[in-house]
Structures are given as structure tokens and as C-alpha cells.
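Visitor: I am new to this structure and would like to learn how to read it. Could we go through it feature by feature?

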Amino acid sequence: MMPLARPQEILLPVTTGLIAVTVIVALLINLVPLPVRVSEIRPDFCALVLVYWGIHQPRRVGFTVAFLLGLSIDLVDGSLFGQHAFVYVLQLFAAIALSRRVLNFSLMGQSLHIVPLLVGGDLIATAARLLAGDELPVPAHFLGPLIGALLWIPLSVLVRLPRLPKTGGDRV
């Protein structure tokens, strides 16, 4: 017996403003200073939002946005210049390449597909830092991408909310 297809919601189109707001909010969340113990396991919200838009709107968010966002994180964070830009571009490329596949799954299945994208980006960033002479991060650091994959579900729900059609008694 074939499983029944998931019912498709009809959503309003994505606006450039919504994309910009989500990217700016992710940048601001990444920049919030946290205690050292908490910042070690903080997921990369910019990477998560870029992957989200790469999967849901692959033609709307380009590599230039990913590159500039990565450079801004590098400048503010004081990390190796270009490290985040390189990682974000690779993650966005992988998200765009996998977008049609990932959208066929439920939100839980999508979050499982997001894990390798986030872990891979974190491993590449860690390798770049190690090559630049930095120390190996604490093992808890690698929980960040897993937490980010778990945040995929609330992110998807929150970004979908402004796109739900307005229903009301104003119909003529």
C-alpha cells in the first residue's frame, strides 16, 4: 500500500523583506555574547538560516549573500578572515543541490538531512582554524550543529507563519 501524500499548504510568496529579516536576526543572534560554556555549544544560526533559504528558495538567496554574511561574522568574531564566508558558500551550495530531495520529507526528516550539512561546515571551519594554528575545540563544541539541526523544526514553523494566508470575514 502506498503512503498517502502529505497535504500541501498554499502559502503566500516569500518576500525579500522576510528573507532579509531572518538573515539579520540570525546575524544578531550569532553576535550575542554568551558565557564561554554556553558559547561552546551555540549553533551557527547564520548557517542554519542560509541552509533554510537555500532549500526553500534556492533562487532567492545567492552565494554573494552567503559570502558577505560570512565575512561580516569573521570581522565581528575576530576569526580567520574568510573562514565563515568559505563555509557558508559551501553549505549554501550543498543546500541548493539537495533542496528538491529534502523538501520531500517531513520536518523531522528534513532536520536529519540538515545534520551533515551543519556538521560538515563545522568540520571545515575547525580544519581551517587548526591549519591557522588554533587549538582543537572542546568536544562539546560539536554539539552545536546537532542543536542547530533540532532547531530546524521551530525555524521552519516560525518562517512559515508570516506566509500563511489571512482568513477572515472580509470576503466579498
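Guide: Start with the word contact, which here means heavy atoms within 4.5 Å. Keep in mind that this is a predicted model.

Visitor: Which residues is Trp152 in contact with, leaving aside its neighbours within four places in sequence?

Guide: Leu48, Val51, Tyr52, Ile55 and His56 are in contact with Trp152, and so are Leu107, Gln110, Ser111 and Ile114.

Visitor: At what angle do helix α3 and helix α8 pack?

Guide: Helix α3 covers residues 45-56 and helix α8 covers residues 152-160; their axes lie 11 Å apart, at an angle of about 60 degrees. Angles from 65 to 115 degrees would count as roughly perpendicular, and those under 35 as roughly parallel. The two helices, α3 and α8, are therefore oblique to each other. The crossing of α3 past α8 is right-handed.

Visitor: Which residues of α3 and α8 meet?

Guide: From α3 come Leu48, Val49, Val51, Tyr52, Trp53, Ile55 and His56, and from α8 come Trp152, Leu155, Ser156 and Val159. Sorted by class, this contact of α3 with α8 holds 9 nonpolar and 2 polar residues, and no charged ones.

Visitor: Is Tyr52 buried or exposed?

Guide: A residue is buried when its relative accessible area is under 20%. Tyr52, a residue of helix α3, has 1% relative accessibility and so counts as buried. Leaving aside neighbours within four places in sequence, Tyr52 is in contact with Trp152, Leu155, Ser156 and Val159. Tyr52 and Ile114 are 62 residues apart along the chain, and their C-alpha atoms are separated by 9.1 Å.

Visitor: Which residues touch the most other members of the largest nonpolar core?

Guide: In soluble globular proteins, nonpolar side chains tend to be buried together. In this model the largest nonpolar core has 31 residues, and those touching the most other members are Val51, Trp53, Ile55, Tyr88, Ile114 and Trp152. Two or more residues each come from α1 (16-31), α3, α4 (63-77), α5 (83-102), α6 (107-131) and α8. The largest share, 10 residues, is from α3.

Visitor: How do the axes of α4 and α5 cross?

Guide: They come within 7 Å and cross at roughly 150 degrees. An angle over 145 degrees counts as roughly antiparallel, and that makes α4 roughly antiparallel to α5. The residues making the contact include Phe63, Phe67 and Asp74 of α4 and Tyr88, Leu92 and Ile96 of α5. By class, 12 residues in the contact of α4 with α5 are nonpolar, 3 polar and 2 charged.

Note on methods: Residues are numbered from 1 along each chain as its sequence is written. This is a predicted model: local features need pLDDT of at least 70, side-chain atom pairs count only at pLDDT 80 or more; totals for chains, interfaces and linings use all residues. Side-chain values use heavy atoms; hydrogens and water are left out. Axes are lines fitted to C-alpha atoms, for helices over the stretch in contact, and angles run from 0 to 180 degrees between N-to-C directions. Helices (H or I, at least four residues) and strands (E, at least two) are DSSP runs, numbered from the N terminus. A crossing is left-handed if the near helix is turned anticlockwise from the far one by less than a right angle, and right-handed if clockwise. Ala, Val, Leu, Ile, Met, Phe, Trp, Tyr, Cys and Pro count as nonpolar, Asp, Glu, Lys and Arg as charged, and the others, Gly among them, as polar. A nonpolar core is a set of buried Ala, Val, Leu, Ile, Met, Phe, Trp, Tyr and Cys residues joined through side-chain atoms within 4.5 Å. Buried means under 20% relative accessible area, exposed over 50%, partly exposed in between (1.4 Å probe, protein chains only).
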